[in-house]
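Okay, quick one from me today.

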Amino acid sequence: MAEEREELGVSYVVVDGIEGRMARVELPDGGTEDWRLASLPSGVQEGDVIRIDVQAGDVEIKIDHEETDRRHALGQRQLDALNAGTPDGDINL
């Protein structure tokens, strides 16, 4: 009898920082872990959103450029709103 596997689906992590051969990633629950840079897609950079799709035992990991851009724009709008009431408002993402 075949073993049934639970589908994990899609989840996202954010690359918070890169030092040497390690990347610090923010997990969906807000926690952080250090992952080997080699385990992430080639060309990954700080701030990138990584899409991890687990289906039927197969794992697909890729940089989600659209989600990265969406989150960056959201963060910039929130920062702009915070800076709107300050005289200089010179903080940028």
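So, Gly20: at a relative accessible area of 66%, this glycine is exposed, where exposed means over 50%, buried means under 20% and partly exposed is anything in between, using a 1.4 Å probe and protein chains only. Before I go on, this is a predicted model, so to speak of local features we want pLDDT of at least 70, and side-chain atom pairs count only at pLDDT 80 or more, while totals for chains, interfaces and linings use all residues. Numbering starts from 1 along each chain as its sequence is written, and side-chain values use heavy atoms, with hydrogens and water left out.

Back to Gly20. Where does Gly20 lie? In the loop between S1 and S2. That hairpin has 2 residues between the strands, and Gly20 takes a positive phi near 60 degrees there. Along the chain, Gly20 and Arg36 are 16 residues apart, and their C-alpha atoms are separated by 9.4 Å.

Now the strands themselves. S1 covers residues 9-19 and S2 residues 22-26; they run antiparallel, joined by 5 bridges, and Val15 stands opposite Val25 in S2. S1 also pairs with S4, residues 49-55, again in the antiparallel sense, over 6 bridges. In that pairing Tyr12 stands opposite Arg51. By "pair" I mean DSSP finds at least two bridges between the two strands.

Zooming out, the protein has 1 helix and 5 strands, and the order from the N terminus is β-β-β-β-β-α. Those are DSSP runs numbered from the N terminus: helices are H or I with at least four residues, strands are E with at least two.

What makes up the largest nonpolar core? There are 11 residues in all, among them Val13, Val15, Val25, Leu40 and Ile52. S1, S2 and S4 are the elements giving two or more residues to this core, and S4 has the largest share, with 3 residues. A core here is a set of buried Ala, Val, Leu, Ile, Met, Phe, Trp, Tyr and Cys residues joined through side-chain atoms within 4.5 Å. As a rule, nonpolar side chains in soluble globular proteins tend to be buried together.

Last, some totals. Of the 93 residues in the protein, 27% are buried. The accessible surface is about 7,000 Å², with 47% of that belonging to carbon and sulfur atoms; that's Shrake-Rupley with a 1.4 Å probe.
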